[in-house]
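Have the sequence and the 3D view ready as you read.

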Amino acid sequence: MPSLVLEGGTLRPIFSSGVMDALLDQDLMFPYCIGVSAGISNGISYISRQKRRNLEIMEKYRHDPRYLGYRNFLKSRSLFGLDFVFGEIPAKLIPFDTATYRNYSGKLLVGVTNASTGLPEYMNGLEADEQWTMLRATCAIPLVFPAIELNGQKYYDGGLADPIPIRKAIADGNDKHLIVLTQPEGYRKTLGKRNVRVARLLRRKYPKLEQVLLMRHERYNETVALCEQLEREGRAVIIRPAAPLDSFEKDIGKLRESCQHGYALASERMSDIRSLFQ
């Protein structure tokens, strides 16, 4: 069985949305989808078969302060307007097709990081509540989002503990994979000052997260190397952008171009992608 594996990256997965739009145009639905952060949040629109929905959200609301802005800290302690993003948009403004989503016959996993244990957990995306709490959790970048409570536990961004959940896809029995990355070939993560600062700020309340944050760059680079090894072995197709995109990109034109770039690259490699089902 082939898997679709989605990296996060705040606004960078608009590239991945283009890839998934190309899949929808070919009526190609993966029976297993796993991802973290905005990667899997955008992937939900693939599961509901709503082409261009993620791009429409960016085009209409990227500069809306209800979507992204410092005033949101006053209401939700988040840079993003959580109730607007996960409530008003899918419920009213750009309606989400819940019926099609619920009828998905495959496996959908949302990766999150348990704040207390520092370990990754994978939630059944088809069991999301009406508030999309698990999506809020997988997108919860420390200090930009509050920790999100679900089932009595606190969670942060799934990309902290498992930035590209290919190992989970393999462990679940998938033998071939379409891996959509949001950084260009050759990119390697380094330990940034922000991660060190955040680790120090969180270590008293969530001591297990300190090492997660301090080792995140090594785990990311090791996982990219694994993905590339799988591709060399013919067990994976990797699609990634040719150039980087800022995680908080403001230029709508650049966001649109990134989405179109993802669509074009996926279209070019559609025969390779189809071979994953054979």
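First, some ground rules. This is a predicted model, where local features need pLDDT of at least 70, side-chain atom pairs count only at pLDDT 80 or more, and totals for chains, interfaces and linings use all residues. Residues are numbered from 1 along each chain as its sequence is written, and side-chain values use heavy atoms, leaving out hydrogens and water.

**The hairpin**

Helices (H or I, at least four residues) and strands (E, at least two) are DSSP runs, numbered from the N terminus. Strand E3 (residues 107-114) and strand E4 (residues 120-124) run antiparallel and are joined by five bridges; two strands pair if DSSP finds at least two bridges between them. Val 110 sits opposite Met 123 in E4. Five residues lie between E3 and E4 in this hairpin, and Gly 118 in the turn has a positive phi of about 75°.

**Two helices side by side**

How do helix H3 (residues 53-61) and helix H13 (residues 252-268) pack, and at what angle? Their angle is about 175°, with the axes 10 Å apart. Axes are lines fitted to C-alpha atoms, for helices over the stretch in contact, and angles run from 0 to 180 degrees between N-to-C directions. H3 and H13 are therefore roughly antiparallel (the label for angles over 145 degrees). Leu 55, Met 58 and Glu 59 of H3 make the contact with Ile 252, Leu 255, Arg 256 and Cys 259 of H13, where contact means heavy atoms within 4.5 Å.

On a 1 Å grid over the protein atoms alone, a cavity is a set of points where a 1.4 Å probe fits but cannot get out, while a pocket is an open set with protein on both sides within 12 Å along at least five of seven lines; lining residues have an atom within 4 Å of a point. Grid points are joined across faces, edges and corners, and a volume is the space filled by probe spheres set on the points. There are three cavities of 30 Å³ or more.

| Space | Volume | Lining |
|---|---|---|
| Largest pocket | about 710 Å³ | 29 residues |
| Largest cavity | about 470 Å³ | 26 residues |

Lys 189, Arg 194, Asn 195, Arg 216 and Ser 247 lie nearest the centre of the largest pocket. Helix H8 (158-161), helix H10 (193-202) and helix H12 (216-232) each supply at least two residues of that pocket's lining.

For the largest cavity, Ser 41, Asn 42, Tyr 67, Val 85 and Phe 86 lie nearest the centre. The largest share of its lining, six residues, comes from H2.

Definitions and conventions
Angles under 35 degrees count as roughly parallel, over 145 as roughly antiparallel, 65 to 115 as roughly perpendicular and the rest as oblique.
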